[in-house]
Amino acid sequence: MSPADPRLLVRPEDRVVSVRDWIGFMAMVLGMFMAILDIQIVASSIAQIQAGLSASADEISWVQTAYLIAEVVMIPLSGWAAKVFSTRWLFLASCVTFTVASVACAMAWSIESMIVFRAIQGFLGGAMIPTVFATSYLMFPPRSQAGISVLIGLVATMAPTLGPTLGGWLTEAFSWHWLFLINIVPGLAVASLVATFVDVDRPRLSMLKGFDMAGIVLVALFLGSLQYILEEGPGDDWFDEPKIVVMSALCAVAGLAFLWRELTCAQPVVELKAFADRNFAVGCLYSFIIGIGLYGSVYVIPLFLGRVRGYSALEIGLTMMVTGAFQFLSAPLAGNLARHIDLRAMLGLGLGLFGAGLWLNHVLTSEWGYWEMFLPQAVRGLSLMFCFVPINAVALGHLAPAAVQNASGLYNLMRNLGGAIGLAAITTALGDRVDFHYARLAEKVTWDNLEAVTRLGEISARMAAMVPGDPDQAALKVLVNLTKQQAMTMAFGDVLLGMSLVFVAGLALMPLVHKVGHPSAGGGGH
């Protein structure tokens, strides 16, 4: 610890948070919101961007993939960068470059230029997310941690929920360019406020001498190739595609080399020894599980509503807003509860409720809409704050201030990896289960099935009055589409059930968590 870091020399319980600190911190939270929002804001407008840039279906997926790969590489490096350049200057540089890259994305003239600008945007955006988590533990005393965790949790979970809705509205009301131009004003405001008001630590440029360049290269190769595999694997039938095989080999070699380098290097760029702390290791595993549930549900529910129910982006957004509304309603309750009960019990309650919300969804039918989705989404929204507040304290709350910046990067990385691995598994499982259920249903829709023949006759009679040509052939197509719709609905139910079981399995790890002191008591120890 350097004497140039006065905050780190003050006992945590003696920290005094000024109005300047609050202004600077809230600006950082807004920057984090922008970075997380940009992951999802493009999701509902991919078709419009594809048309605007004359890109193919394979090429346009890289608008998302480039951002995610770059972000996941930067997140674990952010702790080292914050120590070297200081929290203020790292965040300022990240925010300014993120904003400039957003303008460049809006002005992209080809799919290639868009991919480059999205990668820059994701790389710098990735630095803002863990820096906020770390700053909350460096700036605020333990008695304030519960409320700060609620604030950060709300922002971190609301951004993915709001992203597709906001993106769809901006594209419909203006054009897809505004998905990126919307970052200009808040980006400049955040940069100005951070430069003026944030003063958490001092630069330690001496750490650049003999810095771990090999570690940076290896972590980029390892996480970059892993994210590529997870993004492209489901669409390429995994190891049937030579590129996936090559990237898997690169990922394995780079991963092993990265582990060896960081565990043996005198000044590692990513301090993996943080995992020796049991609470931190288990906390990261829970962060991984929450990533599966958070990003998985935000992907699966809109996909069901769009493909099966035919909802527009705005209708999907309004349905998904139930989750966000109950997050807001539960925030004061979660903050108060964290001060009065064992945080392990609160975490167990949160995980159980989130799993229950997913389980309530698994009995969905092709007729489900807003009101059928209301209760499951309300339960999930209620549970999110009960997960985020205690898990932050379990993983980061008891670490030494000097270790928090690095640990925050690893903790946030695990949530993103949970989302990436979960989405890859969900996409693969959906395809397999649709094929499975369609084959089973098709076996029953035969000329020997009186109900199917009767239904076909009814559809044919309606078609005869509606369309020219062969009504029987038209009716057969309708019946095939209905069968596919039911198979898809059943597949969505299977996936949601599988996700709920992940949360149930997570409850089994609760005995491994050490008790964490109540924030109101000024404790954060074991």
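This is a predicted model: local features need pLDDT of at least 70, side-chain atom pairs count only at pLDDT 80 or more; totals for chains, interfaces and linings use all residues.

Modeller: Some terms come ahead of the values: on a 1 Å grid over the protein atoms alone, a cavity is a set of points where a 1.4 Å probe fits but cannot get out, and lining residues have an atom within 4 Å of a point. Residues are numbered from 1 along each chain as its sequence is written, and side-chain values use heavy atoms, with hydrogens and water left out.

Colleague: Which residues line the largest cavity?

Modeller: Its lining consists of Thr161, Leu294, Ser297, Val298, Met320, Thr323, Gln327, Phe354, Arg380 and Leu384. Helix 13 (278-307), helix 14 (313-337) and helix 16 (370-396) are the elements that give two or more residues to that lining, where helices (H or I, at least four residues) and strands (E, at least two) are DSSP runs numbered from the N terminus.

Colleague: And how do those residues divide into nonpolar, polar and charged?

Modeller: There are 5 nonpolar, 4 polar and 1 charged, with Ala, Val, Leu, Ile, Met, Phe, Trp, Tyr, Cys and Pro counted as nonpolar, Asp, Glu, Lys and Arg as charged, and the others, Gly among them, as polar.

Colleague: What about the second largest cavity, which residues line that?

Modeller: Ser78, Gly79, Ala82, Pro130, Thr131, Ala134 and Gln405 do, and helix 5 (62-85) and helix 7 (111-139) each supply at least two of the lining residues. The lining of the second largest cavity divides into 3 nonpolar, 4 polar and no charged residues.

Colleague: Switching topic, what is phi of Ser86?

Modeller: Phi of Ser86 is near 85 degrees, a positive value in a residue other than glycine. Most residues other than glycine have a negative phi. Ser86 is found in the loop between helix 5 and helix 6 (87-106).

Colleague: Is Ser86 buried or exposed?

Modeller: Ser86 counts as buried because its relative accessibility is 1%, where buried means under 20% relative accessible area, exposed over 50% and partly exposed in between (1.4 Å probe, protein chains only). Across the protein chain, buried residues make up 53% of the 526 residues.

Colleague: Next, the packing: how many residues has the largest nonpolar core?

Modeller: That core has 134 residues, and those with the most contacts inside it are Met114, Phe280, Tyr286 and Leu396; a nonpolar core is a set of buried Ala, Val, Leu, Ile, Met, Phe, Trp, Tyr and Cys residues joined through side-chain atoms within 4.5 Å. The largest share of this core, 15 residues, comes from helix 13.

Colleague: Last one, how many disulfides does a search of the whole structure find?

Modeller: The search finds 0 disulfides, a disulfide being a pair of cysteine sulfur atoms within 2.5 Å.

Technical notes. On a 1 Å grid over the protein atoms alone, a cavity is a set of points where a 1.4 Å probe fits but cannot get out, and a pocket is an open set with protein on both sides within 12 Å along at least five of seven lines; lining residues have an atom within 4 Å of a point.
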